[in-house]
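Please look at the sequence and the model shown below before reading on.

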Amino acid sequence: VVLLALMDEEKQDLVMRAATGKGVEPLLGKHIPLGSGVAGRVASDGQGVILSPIPPADAAPLIGLDARALVCVPVQTAGQTIGILEAVNPKGDAFNSDALLVLTGIGSLAGTALANAQLYERLESAHRRYHELFEDSIDALVITDMQGRILEANRKALLTFQPDEDTLQIQTISQIHALQPEIVGEGFQNLSKDRTLSYESELTLPPSAGLPVQVMVRRVNFEGTDTLQWTLRDISERKKLDTMREDLIAMIYHDLRSPLANVVSSLDVLSSLLPTDQQDSLQTVLAIARRSTDRIQRLISSLLDMRRLEAGMPITNQRETDMLTLVHEAVETVQPAFDSKEQMLELMEDENIPHLSIDSDMIRRVLINLLENASKYSGMGSTIYLGVVRDGKRMQVSVEDSGPGIPAGEDEHIFNKFVRLEAPGSPKGIGLGLAFCRIAVEAHGGKIWVQSEPGHGSTFYFNLPIP
């Protein structure tokens with residue numbers, strides 16, 4: 001009888017995988033703990049042994065076999081034991097040192113063969129999984145060579161492009177969509193093995209010509225060859241939503257601006273008409289109304305500025321401005337929010353900040369946005385730090401809060417339009433405040449960024465050039 005046992009995946013014990021000879025069927029699949037019995041000891045020690053006669057403890061795993069002598073050797077590959085090979089004979093004194101040497105050699109050959117078979121099986125399994133994911137993807141996937149010639153396309157790609165597979169494989173990726181060589185490089189030289197590039201484009205192949213797609217391309221090894229994998233994701237619904245958002249913003253701006261101006265004028269008239277004996281009590285109500293209308297006006301102005309600046313229009317209302325005065329005006333505007341939450345503001349400012357050539361209303365709204373956010377995300381009785389310093393040829397402002405912080409990887413994302421953190425208990429909004437701040441600061445030649453550690457608050461910075 002000859003038995004082959006292999007280590008299980010967690011290397012906790014041996015499992016009888018194969019056997020030949022009379023009465024071996026009950027042994028197949030049997031588990032043998034490492035260090036237990038002759039097979040377990042050989043697997044642990046890596047040394048072959050001959051036993052004749054067989055001690056009862058070592059004969060127990062061979063129940064049902066007529067065993068008087070055995071030889072057991074390790075099956076090894078690359079210096080690692082992966083199993084044992086065991087020969088059992090019903091006659092005593094059947095094995096000698098030559099038998100041990102021969103079986104050890106067979107075990108070595110078996111180790112190499114088994115390791116190669118296991119590696120091949122893993123590669124085949126990975127290859128099958130890749131093809132299953134490739135074919136079942138909801139995105140159109142295309143594999144090309146390094147010159148852009150199409151080698152493979154999944155079912156979604158064939159449904160989208162609608163040629164037969166043979167026709168598709170004589171085309172290049174540039175015939176499928178509007179390639180952007182400034183991103184991927186003229187000869188795809190910008191693509192490295194650890195980098196994925198992404199850009200928006202449109203399909204050019206009928207009948208899907210004009211379909212907007214998000215293109216993601218990376219370099220992969222496909223069947224032993226360097227290739228490019230192109231993911232073409234349909235973003236037509238996203239584009240429709242973007243258009244609807246822009247239309248909504250335009251509607252809000254045009255339909256709210258005039259009525260709001262009438263509300264502001266009416267509040268001013270009411271304030272002047274208030275009886276003297278009711279002045280104090282009603283002025284508080286009017287002050288709340290004024291602050292609310294001011295906030296709506298800032299939002300509408302920010303929406304208009306975003307549309308203008310995104311369209312490439314320049315800032316037209318720049319003038320020499322005392323930055324420290326502007327900071328104090330912004331703090332005064334946000335002070336009621338601080339008071340309602342019993343928050344303290346610590347202001348640290350350099351005295352040598354020169355006047356800047358800026359759109360003062362736009363930068364004031366940037367400051368107010370950052371201060372309001374700091375107040376919203378900080379708790380009752382907390383302290384907010386506002387810094388205004390000169391940093392070489394730039395003026396730098398910092399706003400530090402004690403809020404929940406920003407998750408890793410979201411530092412840049414939060415400055416995009418309609419993006420808000422989805423943390424439990426976070427203030428609600430439409431996600432335009434920080435987007436406006438970024439557009440306004442960059443339009444002035446400045447930079448805005450955030451440093452944050454989850455659970456330890458955030459510090460927002462922006463700088464502006466000093467002339």
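## A hairpin and its turn

In the hairpin formed by S10 and S11, 2 residues lie between the strands, and glutamate 223 takes a positive phi near 55°. Strands and helices are here DSSP runs numbered from the N terminus, a strand being a run of E of at least two residues and a helix a run of H or I of at least four. The model is a predicted one, in which local features need pLDDT of at least 70 and side-chain atom pairs count only at pLDDT 80 or more, while totals for chains, interfaces and linings use all residues. Residues are numbered from 1 along each chain as its sequence is written, and side-chain values use heavy atoms, with hydrogens and water left out.

Strand S10 covers residues 212-222 and strand S11 covers residues 225-234, and the two pair in the antiparallel sense over 10 bridges; strands are said to pair if DSSP finds at least two bridges between them. Within this pairing, valine 215 has leucine 232 in S11 as its bridge partner.

## The sheet around the hairpin

S10 also pairs with S9, again in the antiparallel sense, over 7 bridges. Here tyrosine 199 stands opposite valine 215 in S10, the residue whose bridge partner in S11 is leucine 232.

These strands belong to an open sheet of 5 strands with antiparallel pairing, in the order S8-S7-S11-S10-S9. Which strands stand at the edges? They are S8 (150-153) and S9 (196-202), and because each has a single partner strand, one side of each is left without a neighbour in the sheet. From one strand to the next the twist averages 25°, where axes are lines fitted to C-alpha atoms, for helices over the stretch in contact, and angles run from 0 to 180 degrees between N-to-C directions.

## Salt bridges

A search of the whole structure finds 15 salt bridges, each defined as a side-chain nitrogen of Lys or Arg within 4 Å of a carboxyl oxygen of Asp or Glu. One of them joins the side chains of glutamate 200 and arginine 238, with 2.2 Å from N to O. This pair links distant parts of the chain, since glutamate 200 is in strand S9 and arginine 238 is in helix H7 (residues 236-273), 38 residues apart. Glutamate 200 is partly exposed at 33% relative accessible area, and arginine 238 is likewise partly exposed at 36%; buried means under 20% relative accessible area, exposed over 50%, and partly exposed in between, with a 1.4 Å probe and protein chains only.

Two other salt bridges lie within helices. Arginine 308 and aspartate 305 have their closest N and O atoms 3.4 Å apart, and because they are 3 residues apart in helix H8 (residues 279-310), about one helical turn separates them. Both partners are buried, arginine 308 at 18% and aspartate 305 at 8%. Asp305 and Arg308 also belong to a network of salt bridges that links them with Glu329, Asp361, Arg364 and Arg365. In helix H11 (residues 433-443), arginine 438 and glutamate 442 are 4 residues apart, which again means about one helical turn, and their closest N and O atoms are 3.6 Å apart. Arginine 438 is partly exposed at 24%, as is glutamate 442 at 43%. An α-helix has 3.6 residues a turn, so residues three or four places apart point the same way.

## Buried positions in two helices

Glutamate 372 has its place in helix H10 (residues 360-377) and is buried, with a relative accessible area of 15%. Leaving aside neighbours within four places in sequence, glutamate 372 is in contact (heavy atoms within 4.5 Å) with Arg295, Arg298 and Val334.

In helix H1 (residues 37-45), the buried residues are Gly37, Val38, Ala39, Gly40, Val42 and Ala43. After H1 comes glycine 46, which has a positive phi near 75°.

## The chain as a whole

The chain contains 11 helices and 18 strands, and 38% of its 467 residues count as buried. Its C-alpha trace spans about 120 × 60 × 45 Å along the principal axes. The radius of gyration is 37 Å, whereas a compact globule of 467 residues would have a value near 23 Å; this radius is taken over C-alpha atoms, and the globule rule is 2.2 Å times the number of residues to the power 0.38.
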